[in-house]
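Please look over the fold shown here, with attention to its core, its strands and the surroundings of its ligand. The questions that follow take these topics in turn.

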Amino acid sequence: MRIKKAELLALAVKKEQYPPEGPPEVAFAGRSNVGKSSLLNLLTGRRRLAYTSGSPGKTQTINFYSINDDAFRIVDLPGYGYAKVARQVSEKWGRMIEAYLEGRQTLRRVALLVDIRHDPTAQDLQLYEYLKHYGLAGLVVCTKADKVGTNERTKCVKRIRQTLALGEGDTLVCVSALKKTGVDDLLAAIARVVG
Ligand SMILES: Nc1nc2c(ncn2[C@@H]2O[C@H](COP(=O)(O)OP(=O)(O)OP(=O)(O)O)[C@@H](O)[C@H]2O)c(=O)[nH]1
Ligand SMILES: [Mg+2]
C-alpha cells in the first residue's frame, strides 16, 4: 500500500466534533514527544501535515486525517506522561482519549508508539492493557530507531516485547522519521487492519 493523498478532516476534543464515522480508523497513541505526529508526516510523505515539536505536549486535540480519499483514516492522539502538565489537565486528556477509544465503532487498531531507547513506562503498560481489553491492541511501533545501532536495536526490541508481553500474533515495527525507515512495514501492518 502507498499513501497518495492525506487531508486533515477534523480537530476534536468532544464527540460532537468528531467527523461522522466512515471508513476504518487506526490511531497513534503514546507518550508526549514519542513521535506520533512525525510518524504521520513520514507515512504520508508530508513534512508539515501534522505539527511536531521538540517540546512535549504539541498535539492537544484528537486529529482525524483522511487517507487516499477516505479509504481509511489515521487519528493522531495527544500524548500522555508529560510531567509538566498539571494533573487536572492530564485527567482531562485521559477522559478525552478514553471517550474516543471506547465509543468509536470504526476504530480498528491503536498503534502504541514507544521510544526504542526506553523501556515502556507504567502509563504505556496501562494503556496497552486497556487496548487489549477493548480488542484494539497488537500493533507496537518503536520510534526514533535512528538513535540506536543495529545490535542495540535487537536488544531494545526484545526488552520492549517482554515488557509489553507481546505474543506471536502481535506486530512490532521499528521506524525512523529522521532516516525515513520502516514505512513499508508499518503501512503493510496498517493495511492488514483496515483492508
Ligand atoms: N531522531 C529522531 N527524532 C524524532 C523522530 N520522530 C520524532 N522525532 C522528534 O521528536 C520530537 C517529538 O516529535 P512529535 O512527532 O511532535 O511527537 P508527538 O508524539 O506527536 O508529541 P505530542 O504531540 O506532544 O504528543 C520532535 O522534535 C521530532 O523531531 C525520529 O524518528 N528520530
Ligand atoms: Mg503530536
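Q: Leaving aside neighbours within four places in sequence, which residues is L39 in contact with?
A: In this predicted model, L39 is one of the buried residues of helix α1, and it is also among the residues with the most contacts inside the largest nonpolar core. Once neighbours within four places in sequence are set aside, the contacts of L39 are F28, L113, V141, T143, V175 and A177.

Q: Why is strand β5 described as largely enclosed by the rest of the structure?
A: A residue counts as buried if 20 or more other C-beta atoms lie within 10 Å of its own. Strand β5 spans residues 107-115, and it is largely enclosed because the number of its nine residues that are buried is nine.

Q: Which residue of β5 stands opposite F28, and which stands opposite A29?
A: Strand β2, residues 25-30, runs parallel to β5 and is joined to it by six bridges. Within this pairing A29 stands opposite L112, whereas the residue opposite F28 is A111.

Q: What is the bridge partner of F28 in β4?
A: Strand β2 is joined to β4, residues 72-76, by four bridges, and the two strands run parallel. In β4, the residue that partners F28 is D76.

Q: Are the two faces of β2 covered or open, and which residues lie on each?
A: Six of the six residues of β2 are buried, so the strand is largely enclosed by the rest of the structure. Both faces are covered, with E25, A27 and A29 buried on one side, and on the other V26, F28 and G30.

Q: Is C142 buried or exposed?
A: C142 is found in strand β6, and, not counting residues up to four places away in sequence, it touches V114, I116, C156, V157, I160, L172 and C174. Because C142 has 26 C-beta neighbours inside 10 Å, it counts as buried.

Q: Which helix gives the most residues to the shell around ligand 1?
A: The ligand is surrounded by 23 residues, and the closest are G35, S38, T52, T59 and G79. By kind, the shell divides into 13 polar, five charged and five nonpolar residues. The most from any helix is three residues, and these come from α1.

Q: Which residue just after α1 takes a positive phi?
A: Eight of the nine residues of α1 are buried, so the helix is largely enclosed by the rest of the structure. Just after α1, a positive phi of about 70° is taken by G45.

Q: Is M96 buried, partly exposed or exposed?
A: M96 lies in helix α2, residues 87-103, and, not counting residues up to four places away in sequence, it touches V13 and I62. M96 and V173 are 77 residues apart in sequence and, C-alpha to C-alpha, 27 Å apart in space. Since M96 has 19 other C-beta atoms within 10 Å, it is partly exposed.

Q: What is the phi of D69, and what is the phi of D70?
A: D69 is found in the loop between β3 and β4, and D70 also has its place in the loop between β3 and β4. With 9 other C-beta atoms within 10 Å, D69 is exposed, whereas D70, with 13 C-beta neighbours inside 10 Å, counts as partly exposed. Each has a positive phi in a residue other than glycine, for D69 near 55° and for D70 near 65°.

Key. Residues are numbered from 1 along each chain as its sequence is written. Chains are lettered from A and ligands numbered from 1 in the order in which they are written. This is a predicted model: local features need pLDDT of at least 70, side-chain atom pairs count only at pLDDT 80 or more; totals for chains, interfaces and linings use all residues. A residue is near a molecule or strand if its C-beta atom, placed from the backbone, lies within 6 Å of it. Ala, Val, Leu, Ile, Met, Phe, Trp, Tyr, Cys and Pro count as nonpolar, Asp, Glu, Lys and Arg as charged, and the others, Gly among them, as polar. A residue is buried if 20 or more other C-beta atoms lie within 10 Å of its own, exposed if 12 or fewer, and partly exposed in between; C-beta atoms are placed from the backbone. Two strands pair if DSSP finds at least two bridges between them. A nonpolar core is a set of buried Ala, Val, Leu, Ile, Met, Phe, Trp, Tyr and Cys residues joined through C-beta atoms within 7 Å. Two residues are in contact if their C-beta atoms, placed from the backbone, lie within 7 Å.
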